[in-house]
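This report looks at how the parts of one protein model meet. The structure comes first, then the contacts.

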Amino acid sequence: RQTREQETPPDFFYFSDYERHNAEIAAFHLDRQVICIRIKTKVEILILDFRRVPPVAGRLVNMTKEIRDVTRDKKLWRTFFISPANNICFYGECSYYCSTEHALCGKPDQIEGSLAAFLPDLSLAKRKTWRNPWRRSYHKRKKAEWEVDPDYCEEVKQTPPYDSGTRILDIMDMTVFDFLMGNMDRHHYETFEKFGNETFIIHLDNGRGFGKYSHDELSILVPLNQCCRIRKSTYLRLQLLAKEEYKLSLLMKESLLKDKIAPILYQPHLEAMDRRLRIVLKAVSDCIEKDGYDNVVENDFNTDVNTVTTER
């Protein structure tokens with residue numbers, strides 16, 4: 001519904017923003033580890049290196065041959081129609097925005113999309129859904145508690161599962177991830193149930209990221225500003241990505257070129273990530289100045305070996 005160059009309209013609320021397939025693709029690349037070839041030498045270029053987004057790739061889909069003509073879902077099939085411009089359209093079945101007015105239309109039946117790898121079936125690996133403590137109100141006028149209480153993090157840290165383990169640090173990682181993308185729509189998150197609190201957050205549903213390159217939504221950073229906690233591995237990675245030779249925007253641009261429907265992001269979105277990275281580092285620096293390095297930066301390095309390990 002949006003071209004790469006278009007921004008989210010200024011009068012849109014975050015909960016009525018468009019879902020963007022290219023945002024899902026870009027989120028995967030931002031989150032992952034990238035392998036590049038450099039003059040006969042294999043070099044690993046790490047971006048955030050969280051590896052918590054299931055693999056996502058872009059693809060040009062034939063809506064007629066690959067969806068309408070092969071689906072066994074009669075309800076889905078009935079939502080296909082031909083538009084006044086003679087394009088094939090459909091709107092599917094869902095709770096919101098599934099109507100003729102919000103249909104997806106091809107040209108005439110070709111459409112870009114993002115395809116994500118399936119997580120293990122729930123019968124094999126059950127997942128638990130958690131309400132994000134810094135969830136927004138999803139209301140036109142009401143504010144969430146964290147927006148009016150500057151000490152809100154202290155309450156969160158006394159509440160399971162944030163009162164033990166590394167879950168609060170996972171939330172900080174997710175906060176940085178969302179701020180770099182400009183994603184305000186992180187209302188819930190999921191974990192694998194089997195591992196209890198010794199697990200990690202799965203970074204699902206990133207389609208409302210990369211909506212505005214001309215605006216940095218500072219409220220996304222509130223969890224970091226309130227809690228003043230961050231993993232040492234994350235902090236060192238962010239500092240590295242701020243260096244000219246490992247510049248975040250350049251690494252992202254190079255990584256995204258490998259996707260089938262590249263270019264994925266408009267250049268100003270890439271430049272916005274560099275700007276937001278500097279804001280994150282300034283926030284951590286302010287926390288360190290206020291509370292001291294050891295109280296802010298959590299050492300998650302295994303001192304017995306020369307590798308980085310993250311407690312999950």
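In this predicted model, 16 residue pairs are in polar contact between domain 1 and domain 2, with both residues of each pair at pLDDT 80 or more. On the side of domain 1 that touches domain 2, five elements are listed below, each giving two or more residues.

| Element of domain 1 | Residues |
|---|---|
| helix H1 | 21–31 |
| strand S1 | 33–38 |
| strand S2 | 41–46 |
| strand S3 | 56–62 |
| strand S7 | 110–116 |

Helix H1 gives the most to this side, with 10 residues. By residue class, the side of domain 1 that touches domain 2 holds 21 nonpolar, 6 polar and 11 charged residues.

Charged pairs also link the two domains. There are 4 salt bridges between domain 1 and domain 2. A salt bridge also joins the side chains of Arg-52 and Asp-170, at 3.9 Å from N to O. The cut-off for such a pair is within 4 Å.

Now the overall layout. Domain 1 spans 14–116. Domain 2 spans 127–298. Their C-alpha centres are 24 Å apart.

How many residues of each domain are in contact with the other? Domain 1 brings 38 residues, and domain 2 brings 42. Together the two domains bury about 3200 Å² between them. Carbon and sulfur atoms carry 63% of that area.

How values were computed
Residues numbered from 1 in each chain as written. Predicted model: local features only at pLDDT ≥ 70, side-chain atom pairs only at ≥ 80, totals over all residues. Heavy atoms only, no water. Domains from an automatic or database assignment. Contact = heavy atoms within 4.5 Å. Buried area = accessible area lost by both parts, 1.4 Å probe. Polar contact = N/O pair within 3.5 Å; in protein donor to acceptor, adjacent residues only side chain to side chain. Helix = DSSP H or I, 4+ residues; strand = E, 2+ residues; numbered from the N terminus. Nonpolar A, V, L, I, M, F, W, Y, C, P; charged D, E, K, R; others polar.
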